[in-house]
Amino acid sequence: MTAVMDAPRLVTARPLLTAQGLSLNYGDVPALRDVSATVYPGEVLGIVGESGSGKSTFLRCLNLEETPDRGSYTLDLPDVQGNLFDLDRFARRMLCATRIGIVYQNPHLGLLMRHSSSGNVAERLLIAGERRFGVLRHKARGALDASEFPLARMDAPPEELSGGMQQRVQLAKAIALEPALLLLDEPTTGLDVSVQALVLDTLKRLQQDRRITMVIVSHDLGVIRTLADRVMVMRRGEVVEAGLADQVFQDPQHAYTQQLVHAKL
Amino acid sequence: MTLQSLTKDWEPMAYGFLDGSAKREIRRKMLKAISVPGCQMPYASREVPMARGWGTGGLQVSCTLVTPRTRIKVIDQGADDSVNAASIRKFLASVSGAPVTTDTLQADLIQSRHRIPEERLREDQVLVLQVPNPEPLRSVQPNMSIARQMHADADYGRMWLQLYEQIVRSGRVMQGASYPSLVNGRHVMTPSPIPRWDVPKLHMARHLTLLSAGREKRLHAVPPFTRVEPLVFDDVPYRVEDHAGLTCHRSGARGFFMNEIPQADGTSLHEVSDSDLGVKTIRAAEGEDTRIGATWYVDGEMS
């Protein structure tokens, strides 16, 4: 008797995110050279590489903060069509606010340090048009709770909080509108090892509970190994190796990846 | 034809103090501002014999609008007799020959700092408000270039964030003056530092309001019969100051915006902030023939 098996998800599903041939130069310096990536719904793509490899630039392009010289970027969402780099400022802002969440390495980039933490989360909802105080309060509390932020401090400004707490506020802000795509730019860099582990725990739990599609950038292989399903290794603006996380870490093909994996061990 | 015959004789000073080209520029910017209600229009902002920040913006607009037959009233925080109000009134009269008044009903042009008169203004009256900071987004976006983009995109979410913060910290909206308001459903403006009490008076008003900031070199306008809606949460209604139940200790007027006068024993007395209304109320009580116009607030309720 033969069991009828479903085709693997990666074969049947359509990718949520498709970026093709992104190239970007800063003056004479190429930051991205023909970088392509696909991410499937519910999947976590990790991007590793040394400083200056273009991984953060790539993420900024995905967040529509930067427009590459060449390349296309599409999201497979009901009301989103065409190359997102062709959108005007207004459409980009609405898309970023409602469909894409981002957590920066430096919380100063993502947070209003003097406003309350709950206010930072509420800002997202306000941009999306929510005008009821009660609902804002309730949803902000929910999002902060989901990112395991101590609710007793929800009205404290981020400048009074520790680094780990600031990252949780950023995370709550990013997931407040249940985005289709969550971008994480070195979310745990600069935190001490134990706090790093706690934040990673939260991220992992969120990913499992909500099946959020994530792109995570880090130079720390441990972080990528913990979270990512697939890995892309970048160097000097190019993708040198890509594949399943286990496969890349166990059996690195490219010389640079081998070096990287070795250096970690 | 000679140049002499085409030009006017030399005069020591232009009519209304500002020279013709300056007035022409302000007139054009006023027309633009009226065409796009609530949108800030930059203008040159010439020198006037007064320090920036003391009402130079309002003064330039008044100098432009004034004619020898315009009756001028100048208010400072509701009072006609403060030094600032008296000086501006005297200056306007001396450069234009226009008659002056303190009576709101008789005035054609009212320049005001921080108050709108309690008596309803008519179609034929113009209110000029002096504005220290015309940019409502400044407190949430210090970068003016980005603030301009936010106006263009009607990206005003952060204004509500400001209100959110106030409610979270203090249990209510603390914004006392310059309450951000949406004009004609499109542009958020700061209505100059008038109290919350005065903002509803601008909504669908019969008169033209011009708001001008001399130091910041911007002016905006609320044309007659234009919607002016203070920004609020759907579930937290707009509240004016609790002055409805207060009585003026000098005139006995009730239900208007009051100034608080602290007393030595720790209590406080109240005095109606619109000094002209107070004076007229006293005169009426003493049996003089005085006409008090219809007021926006009746018994402390906006009508």
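Chain B of this predicted model comes out with an average pLDDT of 93, and 100% of its residues score at least 70. For the complex as a whole, the predictor reports an ipTM of 0.82 alongside a pTM of 0.85.

Turning to the interface, 17 residues of chain B touch 20 residues of chain A. Putting the two chains together buries about 1,800 Å², with carbon and sulfur atoms accounting for 59% of that area.

The rule picks out 10 residue pairs in polar contact across the interface of chain B and chain A, both partners being at pLDDT 80 or more. Salt bridges between the two chains number four. One of these pairs Arg158(B) with Glu123(A), whose side chains come to 2.6 Å, N to O.

As for where chain B makes its contacts, two of its elements give two or more residues each to the side that touches chain A: helix H5 (144–153) and helix H6 (157–170). H6(B) gives the most, with nine residues. By residue type, the side of chain B that touches chain A splits into eight nonpolar, seven charged and two polar residues.

Definitions and conventions. Residues are numbered from 1 along each chain as its sequence is written. Chains are lettered from A and ligands numbered from 1 in the order in which they are written. Side-chain values use heavy atoms; hydrogens and water are left out. pLDDT is the predictor's confidence in each residue, from 0 to 100. Contact means heavy atoms within 4.5 Å. Buried area is the accessible area (1.4 Å probe) that two parts lose on being put together, summed over both. A polar contact is a pair of N or O atoms within 3.5 Å; within protein, one must be able to donate a hydrogen and the other to accept it, and residues adjacent in sequence count only if both atoms are side-chain atoms. Helices (H or I, at least four residues) and strands (E, at least two) are DSSP runs, numbered from the N terminus. Ala, Val, Leu, Ile, Met, Phe, Trp, Tyr, Cys and Pro count as nonpolar, Asp, Glu, Lys and Arg as charged, and the others, Gly among them, as polar.
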